Amino acid sequence: MPKITEGVQFPTGPEGKRSTLATGVAVFAAAAAPAGEELAGAIRKARKTWRQEYPEMLTRLVEAQSYSAQRAIAIAEAGLAEIYSTFEFVRGGEVVGVEAAMAAPSAARALHTATVAGSGALPTSLSVPYFGDSLSDQVLVDQVNAWADYGALEPAGAAALCAVANSAEWRDLRGRTFVALGATAELGPLALLLQCGATVVAVARGKPAKWAELVSMARASAGTLVVPLKRPASSDEE
């Protein structure tokens with residue numbers, strides 16, 4: 001059976017196909033517009049060889065963002081505006097723009113929320129896994145500085161890690177809320193945020209096994225996990 005396509009979708013191109021490459025180029029070109037037509041035009045021109053040229057184009061875009069805080073915000077807003085104005089939403093065979101879909105949500109498909117409060121204690125130190133071991137306290141600081149001296153870690157990154165390792169206050173995130181997109185990603189920050197007592201609003205694909213791992217992790221942590229549900233959770237559900 002053919003796969004049913006619903007929800008947010010890449011825009012349909014002139015040939016009736018949804019091209020992630022063409023859409024990506026269009027979004028980056030729109031984002032570059034506040035920095036000038038030269039960069040935006042160069043990005044559009046690189047469409048046919050995008051896989052070879054995108055590292056240079058994105059480097060130039062980051063350089064343009066670094067010009068000022070105002071320009072960085074303008075570039076981000078221009079890229080997001082292109083996404084909202086071109087991406088499509090499909091439901092029951094009907095295709096509408098994302099903005100139109102968000103303006104008229106389906107009451108029948110409304111999401112619900114569950115909160116998982118942890119019962120663990122805040123960490124007494126920052127612990128970083130390393131080749132089957134766990135580095136913390138002065139051992140961690142020494143290793144981080146060694147990485148920086150070797151050139152494997154940016155000095156600013158090393159300084160930030162050492163600051164967190166040396167400050168119990170920085171490891172206390174109670175009262176702070178974070179939104180984690182791709183919450184089930186192996187390299188994401190969700191586990192550390194929960195350990196440090198943060199409230200984390202998790203967004204991820206609907207894989208029951210992965211969500212079960214997150215719930216177990218949250219219960220053992222000092223933090224709180226907020227998760228979306230397709231239906232209200234009953235009082236006797238785990």
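**View 1. Where helices H1 and H2 touch, Val25, Phe28, Ala29 and Ala32 of H1 meet Leu39, Ala40, Ile43 and Arg44 of H2.** This is a predicted model, so local features are held to a pLDDT of at least 70 and side-chain atom pairs to 80 or more, while totals for chains, interfaces and linings use all residues. Residue numbers start from 1 along each chain as its sequence is written, and side-chain values rest on heavy atoms, with hydrogens and water left out. Contact here means heavy atoms within 4.5 Å. Helices (H or I, at least four residues) and strands (E, at least two) are DSSP runs numbered from the N terminus. Two packed helices are described by the angle between their axes and the distance between those axes. For H1 and H2, the angle is about 170° and the axes are 8 Å apart. That makes H1 roughly antiparallel to H2. On the labels: angles under 35 degrees are roughly parallel, over 145 roughly antiparallel, 65 to 115 roughly perpendicular, and the rest oblique. The axes themselves are lines fitted to C-alpha atoms, for helices over the stretch in contact, with angles from 0 to 180 degrees between N-to-C directions. Sorted by class, the H1 contact with H2 has seven nonpolar, no polar and one charged residues. The classes go like this: Ala, Val, Leu, Ile, Met, Phe, Trp, Tyr, Cys and Pro are nonpolar, Asp, Glu, Lys and Arg are charged, and the others, Gly among them, are polar.

**View 2. Helix H1 (residues 20-32) crosses helix H4 (residues 69-86) at roughly 140°, with the axes coming within 7 Å.** That makes H1 oblique to H4. The H1–H4 crossing is right-handed. On the H1 side, the contact is made by Ala26, Val27, Ala30 and Ala31, and on the H4 side by Ile75, Ala78, Gly79, Glu82 and Ile83. Class by class, that contact of H1 with H4 comes to seven nonpolar, one polar and one charged residues.

**View 3. Zooming in on H2 and H3, the axes come within 10 Å and cross at roughly 165°.** H2 and H3 are therefore roughly antiparallel to each other, and their crossing is left-handed. The H2 residues Glu38, Leu39, Ala42 and Ile43 meet Trp50, Met57, Arg60, Leu61 and Ala64 of H3. Split by class, the contact of H2 with H3 has seven nonpolar, no polar and two charged residues.

**View 4. Helix H3 (residues 50-65) has a bend of about 25° at Glu56.** The bend at a residue is the angle between axes fitted to the seven residues ending there and the seven starting there. Buried residues of H3 are Trp50, Met57, Leu61 and Ala64, where buried means under 20% relative accessible area, exposed over 50%, and partly exposed in between (1.4 Å probe, protein chains only). Those buried H3 residues pack against H1, H2 (37-45) and H4.

**View 5. Phe131 and Asp137 both have positive phi values without being glycine.** Phe131, with phi near 50°, lies in the loop between strand E5 (127-130) and strand E6 (133-136). Phe131 is exposed, at a relative accessible area of 79%. Asp137 has a phi of about 55° and is found in helix H6 (residues 137-150). With 45% relative accessibility, Asp137 counts as partly exposed.

**View 6. Val98 and Glu99 are both found in helix H5.** Val98 is buried at 10% relative accessibility, whereas Glu99, at 52%, counts as exposed. Val98 and Tyr84 are 14 residues apart in sequence, with 6.0 Å from C-alpha to C-alpha. Setting aside neighbours within four places in sequence, Val98 is in contact with Val8, Tyr84, Phe87 and Glu88. Glu99 touches Tyr84 and Ser85, not counting residues up to four places away in sequence. The C-alpha atoms of Glu99 and Glu88, eleven residues apart along the chain, are separated by 8.7 Å.

**View 7. Leu135 sits in strand E6.** Leu135 counts as buried, with 7% relative accessibility. Ignoring neighbours within four places in sequence, Leu135 is in contact with Leu126, Ser127, Val128, Tyr130, Leu140, Gln143 and Trp147. Glu15, 120 residues from Leu135 along the chain, has its C-alpha atom 54 Å from that of Leu135.

Definitions and conventions:
Left-handed = near helix turned anticlockwise from the far one by under 90°.
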